[in-house]
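Here is a walk through one protein model, meant for someone who has not looked at it before. Please keep the sequence and the structure in view while reading.

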Amino acid sequence: MLLLYGAGVLAAAQLGKLSALTPLMAPALGMGLTAAAWAISLLEIGGATLGAAAGALSTRVGSWTMLRLGVSALALAGLGEAACQGTASLLAWRLLEALGYLGVIITAPVLIAEHAGHVGSRVQGLALSLWSSFVPVGLALGAGAASGLAGQWGWRAALLAGGVLAAVLAAALWRLPSAPRGA
């Protein structure tokens with residue numbers, strides 16, 4: 001279950017990172033205030049407009065597959081954002097990141113409830129209570145880590161580090177032969 005919580009925290013970290021990095025990114029990419037606002041809010045816009053479709057797709061492909069695809073999309077998007085050369089490419093990568101975010105946040109609580117439910121309703125309640133903290137924890141870690149890394153090595157390095165972290169988690173998830181007990 002901690003692996004699932006970690007995936008949620010990683011997804012939520014994407015919510016905070018661009019707010020912290022925009023003052024450095026905007027001049028480098030020639031990005032105006034409006035474009036910066038769109039880039040920052042694309043995850044929320046994606047959730048508001050594509051949530052139902054993502055849920056339907058998850059039902060079709062399976063929650064574990066959707067989770068794996070979501071974390072993989074976060075990885076690819078993070079790496080793409082680190083290499084982007086302009087506002088349009090940043091927005092395109094950010095849209096992929098929004099899809100990855102959805103893939104994680106719609107499947108992880110379902111998987112947590114399912115796996116914790118096998119242990120008992122008390123554990124299930126505790127596990128879902130922990131899940132409810134994924135956004136504030138991820139938002140804080142994403143903004144803090146991104147700004148800290150950017151202060152040392154630049155905004156591209158901060159985005160690259162996030163992409164690499166997501167790639168490591170994606171590789172671990174894809175290596176799992178099936179849904180682990182106590183995931």
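Which of the 28 residues in the largest nonpolar core touch the most other members? In this model, which is predicted, they are L67, V71 and V104. The helices that each supply at least two residues of this core are α1 (2–29), α3 (63–83), α4, α5 (108–117), α6 (121–131) and α8. Among these contributions, the largest share comes from α1, which provides eight residues.

When its neighbours within four places in sequence are left aside, L67 is in contact with L4 and A7, with G103, V104 and T107, with A108 and L111, and with L173. Apart from this core there is a second, separate one of 16 residues, and among its members are M25, L29, M31 and A150.

The buried residues of α5 are A108, P109, L111, I112, A113, H115 and A116, and what covers them includes α1, α3, α4 and α6.

Is T87 buried or exposed? T87 has a relative accessibility of 18%, and because buried means under 20%, T87 counts as buried. Leaving aside neighbours within four places in sequence, the residues in contact with T87 are L29, G30, M31 and A35; L29 and M31 are also included in the second core.

How do α7 and α8 pack? Their axes lie 7 Å apart, and the angle between the two helices is about 135°, so α7 and α8 are oblique to each other. The crossing in which α7 passes α8 is right-handed. On the side of α7, the residues that meet the other helix are A146, L149, A150 and W153, while α8 brings W155, A157, A158 and A161 to the contact. The residues of this contact divide into eight nonpolar, no polar and no charged.

How values were computed: Residues numbered from 1 in each chain as written. Predicted model: local features only at pLDDT ≥ 70, side-chain atom pairs only at ≥ 80, totals over all residues. Heavy atoms only, no water. Axes fitted to C-alpha atoms, helices over the stretch in contact; angles between N-to-C directions. Helix = DSSP H or I, 4+ residues; strand = E, 2+ residues; numbered from the N terminus. Parallel < 35°, antiparallel > 145°, perpendicular 65-115°, else oblique. Left-handed = near helix turned anticlockwise from the far one by under 90°. Contact = heavy atoms within 4.5 Å. Nonpolar A, V, L, I, M, F, W, Y, C, P; charged D, E, K, R; others polar. Buried < 20%, exposed > 50% of the residue type's maximum accessible area, 1.4 Å probe, protein only. Core = buried A, V, L, I, M, F, W, Y, C linked by side-chain atoms within 4.5 Å.
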